[in-house]
Amino acid sequence: MNRVFTMFLYALAILLLIVSVYKDRDKTKRGIQKGIWMMLGVLPYFLTIMLVTGTALIYLKPDTIRQILGAESGLRGMITAALAGTAALVPVLAVFPMVSELLRNGAGTAQMAIFISTLTTVGFITIPLEIKYLGVKAAVLRNILFFLAAFATSYLLGVML
Amino acid sequence: MKKIRAWIIMGAACMAVILSLPEDYGAVMSYAGAGLMQFLWNLIPVFLCVGLMDVWVEKEKMIKIIGEKSGLTGKVLSLFMGMLTAVPIYALLPIAGLLIKKGGRISNVLIFLCSSVSIRIPLLLFETSALGWKFSICRFLLNLPVVLVIGCAIERVLSDKDIEDIIQLLLR
């Protein structure tokens, strides 16, 4: 499944590349450079997270994870995960492998869903920046509403899966 | 500058692992190495697509189509634009600010911003490959109405003066 998927992405990338080169060589070059820079931007975060997770997995036994973030950890586990997601400022791409590892080690679906949801939509560290562009009211409202919505959607997701 | 700092932090984390786990650091390194290979294999095509889209999609055209009178079309377009835009939030905010300044409707810009952070397609692709299609499709379907409702609700709550203040803030 995953392999087919990656192959599809490669095919799409190659197709776009051919069309782009055909239309404008310079623009293509700039596009590729942008892509590489974006990738280099995520890479160190990703490696740091891999190091932290690798270390954590040596210490944390599946039982401990199950206790803190397992399906039975309920609301308490969800709040822990939501706060972690809100406080962290890391590209979500970098945490997917960690989340899938945690799920294999006994973390609950709702707890992991809320972690991803709050990580992507709510940012404690980025609120000051957001206020600069959206004003205090809209920025604060947006973060609070998404924080609350994350509980609802993640709870439902946990029930559905 | 920010990029260099991230690399320094990474180097420090690496040193910390080696120093604090003199016996087990090999296991951590090979775990991180395997993750890195996975990362490169999966991300090369995605960043290629994103980089090319970034160059080819014109900003001026985007601005015209999501103004005050764009109606439902504007909403749908904002949603899709957001879902296709893959940049970190600190890069999205300046874009959102620009859209508001150029006359984009607040609810549309919010839908754009929120759909990009919450349900962007590149993200879903990665989510699927790491967590399975069931997990990501359910999360997508649950978050889609959330994005639309929150985008419109915030616009409702803001008074005309609030919106005027935001525009003044952006013009300053």
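A residue counts as buried here if 20 or more other C-beta atoms lie within 10 Å of its own. For chain A, buried residues make up 42% of the 161 residues. Both figures, like everything below, come from a predicted model.

Starting with chain A, the fold is built from helices: there are seven of them, and zero strands. Reading along the sequence therefore gives the plain pattern α-α-α-α-α-α-α, and the radius of gyration of chain A, 19 Å, is well over the 15 Å that the globule rule gives for 161 residues, so the chain is more spread out than a compact globule. Boxed along the principal axes, the C-alpha atoms of chain A take up roughly 55 × 40 × 30 Å. As for who touches whom inside chain A, take the contacts with a separation of 6 or more: 81% of these involve residues 24 or more positions apart.

One helix pair in chain A shows how such packing looks up close. Helix α6 (residues 109-121) of chain A and helix α7 (residues 127-160) of chain A have axes that come within 8 Å and cross at roughly 150°. Angles over 145 degrees count as roughly antiparallel, and α6(A) and α7(A) are therefore roughly antiparallel to each other. Their crossing is right-handed. On the α6(A) side, the contact is made by A:Thr109, A:Ala110, A:Ala113, A:Ile114, A:Ser117, A:Thr118 and A:Thr121. Helix α7(A) answers with residues including A:Phe146, A:Phe147, A:Phe151 and A:Tyr155, along with A:Ala150 and A:Gly158. Sorted by class, the residues of this contact are nine nonpolar and seven polar, with no charged ones.

Chain B is also a matter of helices, with nine of them and zero strands. Its pattern along the sequence reads α-α-α-α-α-α-α-α-α. A compact globule of 172 residues would have a radius of gyration near 16 Å, whereas chain B has 20 Å. The box filled by the C-alpha atoms of chain B, again along the principal axes, is roughly 65 × 40 × 30 Å. Among contacts in chain B between residues at least 6 apart in sequence, 76% link residues at least 24 apart.

Here, too, a pair of helices is worth a look. Helix α7 (residues 121-131) of chain B packs against helix α8 (residues 133-157) of chain B at an angle of about 140°, and their axes are 7 Å apart. From α7(B), the residues B:Leu124, B:Glu127, B:Thr128 and B:Leu131 meet B:Trp133, B:Phe135, B:Ser136 and B:Phe140 of α8(B). The class count for this contact is five nonpolar, two polar and one charged.

Finally, the two chains touch each other. Chain B puts 68 residues into the contact, and chain A puts in 61 residues. Several elements give two or more residues to the side of chain B that touches chain A: α1 (2-20), α2 (25-56), α5 (89-101), α6 (106-119), α7, α8 and α9 (160-171) of chain B. The largest share of that side comes from α2(B), with 22 residues. In terms of class, the side of chain B that touches chain A has 51 nonpolar, nine polar and eight charged residues.

Technical notes: Residues numbered from 1 in each chain as written. Chains lettered and ligands numbered in written order. Predicted model: local features only at pLDDT ≥ 70, side-chain atom pairs only at ≥ 80, totals over all residues. Axes fitted to C-alpha atoms, helices over the stretch in contact; angles between N-to-C directions. Helix = DSSP H or I, 4+ residues; strand = E, 2+ residues; numbered from the N terminus. Contact = placed C-beta atoms within 7 Å. Nonpolar A, V, L, I, M, F, W, Y, C, P; charged D, E, K, R; others polar. Rg over C-alpha atoms; globule rule 2.2 N^0.38 Å. Buried ≥ 20, exposed ≤ 12 C-beta atoms within 10 Å, placed from the backbone. Parallel < 35°, antiparallel > 145°, perpendicular 65-115°, else oblique. Left-handed = near helix turned anticlockwise from the far one by under 90°.
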